[in-house]
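Let's take a look at how charged side chains pair up in a protein. Have the sequence and the 3D view ready.

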Amino acid sequence: FFGKNFTIFAMNLLVWLFLVRISLKQFLLSVPAFVGLVTENLLGGEYFTYPTGIHIKYPWEIARIEKYFSLELITVPFIEDFVSLDGGVVRVRGSFRYRADFDNLVQYAQIAESTIVIGFSNLVKRLITSEISKRSADQARRQTDDIKKMIEQLYIEEDSKPKLTSKDEKSFGVQFEDFTLADVGYDEETQNILTTDFNRNVLARATG
């Protein structure tokens with residue numbers, strides 16, 4: 001008799017635990033570290049954001065796996081050729097970084113990552129073009145640090161003046177972190193010409 005009652009009790013307990021687990025999944029959210037979540041209200045169409053941690057939600061809120069967004073920095077490298085003041089071509093290598101803005105995560109969720117990358121890439125290229133076009137190719141190569149500082153002055157906020165990137169940041173739902181200018185050198189064709197001329201001069205001095 002006791003064994004039969006215990007079996008019934010155990011089965012009822014398992015059913016109860018199963019139902020509780022299902023119920024909790026309807027009301028609880030778990031968001032990993034350095035991640036933000038955007039949920040959608042199926043009744044009214046509103047969106048809600050959740051930071052890292054355990055949260056209570058309405059059962060009619062939908063949390064899709066693709067709406068979990070990393071809040072860590074995203075680094076985008078680039079290599080681009082630019083025309084200098086004297087008509088030379090210089091090749092610039094660098095990168096820029098941005099991160100999803102949790103306070104504007106709903107906007108970020110509606111923008112394709114490729115759109116953000118293209119938008120900031122075009123901005124960075126415009127800034128570099130404005131500086132390279134003021135210098136000869138040789139000056140551009142020797143003044144890498146100066147070029148970087150001039151560009152930083154345009155996008156870093158100072159004295160409460162709006163940043164050049166503020167409009168893009170708001171429309172993309174991100175925070176622009178920084179821009180790194182790793183190297184300014186000649187493009188491959190120009191480099192080959194210079195190398196050939198250098199070798200020719202060395203040979204001429206050696207046989208002269």
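Is Glu169 buried or exposed? Keep in mind that this is a predicted model.

## A buried partner

Glu169 turns out to be buried, with a relative accessible area of 10%. That puts Glu169 below the 20% cut-off for being buried. Glu169 pairs up with Lys163 in a salt bridge, and their closest N and O atoms sit 3.3 Å apart. Lys163 is partly exposed, at 22% relative accessible area.

## A link across the sequence

Now find Arg64 and Glu40, which form a salt bridge with their closest N and O atoms 3.2 Å apart. Arg64 is in the loop between strand 5 (61-62) and strand 6 (68-70), while Glu40 belongs to strand 2 (residues 35-41), so this pair ties together parts that are 24 residues apart in sequence.

What about their surroundings? Arg64 is partly exposed, with a relative accessible area of 35%, and Glu40 is partly exposed too, at 22%.

Asp138 counts as partly exposed at 32% relative accessibility, whereas Arg142, at 56%, counts as exposed.

## The wider picture

How many salt bridges does a search of the whole structure find? The count is 11. There's a network as well: salt bridges link Glu131, Lys134 and Arg135.

Technical notes: Residues are numbered from 1 along each chain as its sequence is written. This is a predicted model: local features need pLDDT of at least 70, side-chain atom pairs count only at pLDDT 80 or more; totals for chains, interfaces and linings use all residues. Side-chain values use heavy atoms; hydrogens and water are left out. A salt bridge is a side-chain nitrogen of Lys or Arg within 4 Å of a carboxyl oxygen of Asp or Glu. Helices (H or I, at least four residues) and strands (E, at least two) are DSSP runs, numbered from the N terminus. Buried means under 20% relative accessible area, exposed over 50%, partly exposed in between (1.4 Å probe, protein chains only).
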